[in-house]
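Work through the exercises below with the sequence and the model side by side. Try each task before reading its solution.

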Amino acid sequence: MAKIIKVGKKNLDYEVVIAKNAISKTRLSSHLKSNNKIFVVTDSGIPKKFIKELKSTLGFKKQVYFYVIPCGEKSKSFSTYISILEKLADLKFDRSDSMIAFGGGVVGDLVGFLSSTYYRGVALLHIPTNIISMSDSSIGGKTAI
């Protein structure tokens with residue numbers, strides 16, 4: 001059974017879902033239903049099995065793009081940021097689309113910063129994969145490269 005905690009105030013609040021199997025088609029579709037395209041950023045340290053599961057779960061969306069960065073702090077850089085911005089522009093992403101950060105703290109920080117700066121804000125969903133990212137980059141809005 002999932003534990004759902006509301007974080008934030010008024011129109012800036014969001015849900016933190018704590019569950020063994022928090023990634024479900026129902027849960028994702030409720031958060032992504034109004035979005036056109038989805039851009040998922042993950043890192044090379046995430047097992048392919050989990051990426052495949054997320055792709056399958058996101059199968060209800062027609063336009064899902066995955067972008068894999070090298071794992072490690074070096075990926076939290078201006079050059080990675082620029083390369084992802086270029087990819088988003090090539091794919092014609094806009095404010096009606098959304099991003100998913102699927103990984104640890106580096107991915108969470110990078111994608112949090114990307115989503116807040118691209119078109120002055122694109123919807124963001126964090127799927128943290130380790131303890132640090134569960135308690136740091138995915139909660140609170142403090143992200144940077």
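**Exercise 1. In which strand is Ile 38 found?**

Solution. Ile 38 lies in strand 3; helices (H or I, at least four residues) and strands (E, at least two) are DSSP runs, numbered from the N terminus. This is a predicted model, in which local features need pLDDT of at least 70, side-chain atom pairs count only at pLDDT 80 or more, and totals for chains, interfaces and linings use all residues. Residues are numbered from 1 along each chain as its sequence is written, and side-chain values use heavy atoms, with hydrogens and water left out.

Next, take the surroundings of Ile 38. Its relative accessible area is 0%, so Ile 38 is buried; buried means under 20% relative accessible area, exposed over 50%, and partly exposed in between (1.4 Å probe, protein chains only). Ile 38 and Ser 98 are 60 residues apart along the chain, yet their C-alpha atoms are separated by 5.0 Å.

**Exercise 2. Describe the overall layout of the protein.**

Solution. Start with the elements: there are 5 helices and 6 strands. Along the sequence they follow the pattern β-β-α-β-α-β-α-β-α-β-α. Then turn to burial: 37% of the 145 residues count as buried. Last, consider contacts (heavy atoms within 4.5 Å). Of the contacts with a separation of 6 or more, 72% are between residues 24 or more positions apart.

**Exercise 3. Which residues touch the most other members of the largest nonpolar core?**

Solution. A nonpolar core is a set of buried Ala, Val, Leu, Ile, Met, Phe, Trp, Tyr and Cys residues joined through side-chain atoms within 4.5 Å. Of the 19 residues in the largest one, Phe 39, Val 41, Ile 69, Ile 84, Leu 88, Met 99 and Leu 114 touch the most other members. Two or more residues each come from strand 3 (37–43), strand 4 (63–69), helix 3 (78–90), strand 5 (98–103) and helix 4 (105–117). Helix 4 gives the largest share, 5 residues. A second, separate core has 10 residues, including Ile 38, Val 40, Ile 46 and Leu 125.

**Exercise 4. Trace the contacts of Lys 87.**

Solution. Lys 87 belongs to helix 3. Its relative accessible area is 35%, so Lys 87 is partly exposed. Leaving aside neighbours within four places in sequence, Lys 87 is in contact with Phe 39 and Tyr 67. Lys 87 and Tyr 67 are 20 residues apart in sequence, with 8.9 Å between their C-alpha atoms.

**Exercise 5. How do strand 5 and strand 6 pair?**

Solution. Strand 5 and strand 6 (residues 123–128) pair in the parallel sense over 6 bridges; two strands pair if DSSP finds at least two bridges between them. Ser 98 stands opposite Ala 123 in strand 6. With helix 4, the two strands make a right-handed β-α-β unit. Right-handed means that, with the strands pointing away from the viewer, the path from the first strand over the helix to the second runs clockwise.
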